[in-house]
Amino acid sequence: MRRPPVALVPGGFVVAAMADAWFLAGEHHGEFWWSDVYGFFSLLGFFGSLAIMLIAKVVVGPWLQRGEDYYHGSNPP
Amino acid sequence: MSSLPPAIILISGALVLPLLPRRARSLAFLFFPLLAWAVVGTLEEGSSLTLRFLTFELVPLRVDRLSRAFGYVFVVIAFLGGVYGYHLEDTGQQMAALVYAGSSLGVVFAGDFFTLFVYWEIMAVASAYLIFARRADRSRAAGFRYLIVHLFGGNVLLAGILWQYVETGSILFNGPAGGPGAYLILLSFAINAAIPPLHAWLVDSYPEGTVTGSVFLSAFTTKTAVYVLARGFAGWEILTVTGAIMALYGVIFAFMENDIRRVLAYHIVSQVGYMVAGVGLGTEVAINGSTAHAFAHILYKGLLFMGAGAVLYSTGKSKMSELGGLAQSLPWVLSLYMAGALSISAFPLFSGFVSKSLVVHSAELDHRVVMVLLLNLASVGTFLSIALKVPYFTWFGPDRSIETRPVPWNMYAGMMLAAGINIAIGIYPHLLYRVMPFPVAYKPYTAAHLLETLQLLAFTGFAFWLVIDTIHVERKITLDLDWFYRKPAPAIFQLTVVSLDRLFAVTELAALNFAHRLSQACANPAEFAARWISRSTDGSDERRGDRVFYDPNRHRPPIGFIVWVVLCCFVVLLAWSLFVI
């Protein structure tokens, strides 16, 4: 599959922040510090998913992944 | 108004099923959940049924809004599973599914620990059958491990119940109790809820179930555990912490998996994490959130397992590394799977959107900053694995020209019904909220919530798209905490079974030899002594046949010797009677 241009990323954040500003301006809609940060959830989605993929594939994967026959012979007869 | 425990209907149905003609069994299977639905609908809130057993007062039926909410969804998924498995000709599987659903209903309507324990154990055995019924070596091994873990959990539960009974004198299952008994009960509930580090049984066994069996497995065991936690341990802080951790733990491990059903199994751990966290908060909003999410989760996870099962049924494969390019051959399965995927991802207009947000909202109301962030992050991971990675590598990805066989109409029907209910709940949340334990004032469709969700999911998709070329599915497994009992299993087997067996064999042989020698010695002491002396002096062995050991004329003692021994005994006895006594 063709990768999208990386330049779209900051553009996307700007659009998300503008959408928040447009719909939620002046409205207190949450309990936490990020509630008033426009586009916060776009950042969380983007960097959060990259972090999950990184942790899974780069940090945990090499440590815990084994061949499919790893447990072969581990079952009592 | 009825006071018939709905569990009885499904369990009786399982007993009736094999008596019916084979072709009528699938249709009859559907009748029992429908009847149970009608009964659950007529159960009056606050009603109960009590029975005397020995000195105990048992409450096999206790109805309130919490138990009724779980009761409704259990009969719905039993019906949907029946439709999905309508083509089955395996009566054993159908019976096990009905008993499993029935015993789960028994747990949620149980008002005392004795009833709960009995149904709990029936649930374990019936569900194990749905794993064994696949009749593969891997399933057999996974089924045994599943059974061992759950029988251990059952014993812990029994120990907790007995401890509690000794301390309080009551076996009624009510609100939170303290003491070691309560901790043991909590431990057994945590095993069934698959709370890490007690979760490995789930991802080990559910993917090994039959195509239909896994649909049932995904629905009952963990959700009955959520129910009993909500009933007995609401507000226990440890559940809030473990719930939030397990929500994230599940998504990270799911992303590494290759087998679709293992991905789904890890997401059960993750989604149950939301429910457990809500139970830990313990507020009315949080209990509503946990109940709503359990309700929706049963429906969309059932749908996802149906979709994965349809792929397995059609291709014989469930590993993404062996799949790909199925969009042309199984387009409807893809569409229906995506309804489940969007539901679990909390996409607007799907069930998860109105249930998951209720849990997160309850955490917001409780000012739990870290918990809210972790739950939102888990939501990102869910969308990543279930709605992006699995569909991409299964239906799109590299085309491996896989041969498919047609999926039966009833499997499509089951999936369509499940998808329809998920969408209906997503569009009309009050359908779900009206059966919650407490009144629900929460409004999921606000501009802020919609924007948050759409941004979260859209940018997750965007990130996945950016790195898609670097993501590969590999023919690998991920080690989890089941390693601690799977890897040492051969050594434990060697120690506890093989070594003991050898010890018994050696002991048995020694005992037989001893008995043989003893019988020889008793039969002819002179011959025995002659042989023994002969062996010990010149080392010869009569078994070698190299010489004659016993000659009665040479070895038999003369009669005078016998008389001499008798006289000696007589003299000793006489001396003893004269001088000692």
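Predicted model: local features only at pLDDT ≥ 70, side-chain atom pairs only at ≥ 80, totals over all residues.
**Confidence**

For the complex, the predictor reports an ipTM of 0.91 and a pTM of 0.88. Chain A has an average pLDDT of 85, and 86% of its residues score at least 70. For chain B the mean pLDDT is 92, with 97% of the residues at 70 or more. The elements at the two ends of the confidence range in each chain are listed below.

| Chain | Element with the lowest mean pLDDT | Element with the highest mean pLDDT |
|---|---|---|
| A | helix 1 of chain A, pLDDT 88 | helix 2 of chain A, pLDDT 94 |
| B | helix 23 (residues 552-555) of chain B, pLDDT 70 | helix 17 (residues 409-427) of chain B, pLDDT 98 |

Within chain B, the element with the lowest mean value is helix 23 of chain B.

**Interface between chains A and B**

The interface brings 40 residues of chain A into contact with 42 residues of chain B. On the chain A side, the elements that supply two or more residues are helix 1 (8-24), helix 2 (40-64) and strand 1 (65-67) of chain A. Of these, helix 2 of chain A contributes the most, with 15 residues. Classified by residue type, the side of chain A that touches chain B comprises 21 nonpolar, 14 polar and five charged residues.

Strand pairing also links the two chains. Strand 1 of chain A pairs with strand 3 (residues 476-478) of chain B in the antiparallel sense, over three bridges. Within this pairing, Gln65(A) has Thr478(B), in strand 3 of chain B, as its bridge partner.

**Helices 15 and 16 of chain B**

Inside chain B, the axes of helix 15 (residues 351-365) and helix 16 (residues 369-395) come within 9 Å and cross at roughly 160°. The two helices, helix 15 of chain B and helix 16 of chain B, are therefore roughly antiparallel to each other, as the angle is over 145 degrees. Their crossing is left-handed.

From helix 15 of chain B, the residues that take part in the contact are Lys356(B), Val359(B), Val360(B), Ala363(B) and Glu364(B). They meet Met371(B), Val372(B), Leu375(B), Asn376(B) and Ser379(B) in helix 16 of chain B. By class, the residues of this helix contact divide into six nonpolar, two polar and two charged.

Technical notes: Residues numbered from 1 in each chain as written. Chains lettered and ligands numbered in written order. Contact = placed C-beta atoms within 7 Å. Helix = DSSP H or I, 4+ residues; strand = E, 2+ residues; numbered from the N terminus. Nonpolar A, V, L, I, M, F, W, Y, C, P; charged D, E, K, R; others polar. Pairing = 2+ DSSP bridges. Axes fitted to C-alpha atoms, helices over the stretch in contact; angles between N-to-C directions. Parallel < 35°, antiparallel > 145°, perpendicular 65-115°, else oblique. Left-handed = near helix turned anticlockwise from the far one by under 90°. pLDDT = per-residue confidence, 0-100.
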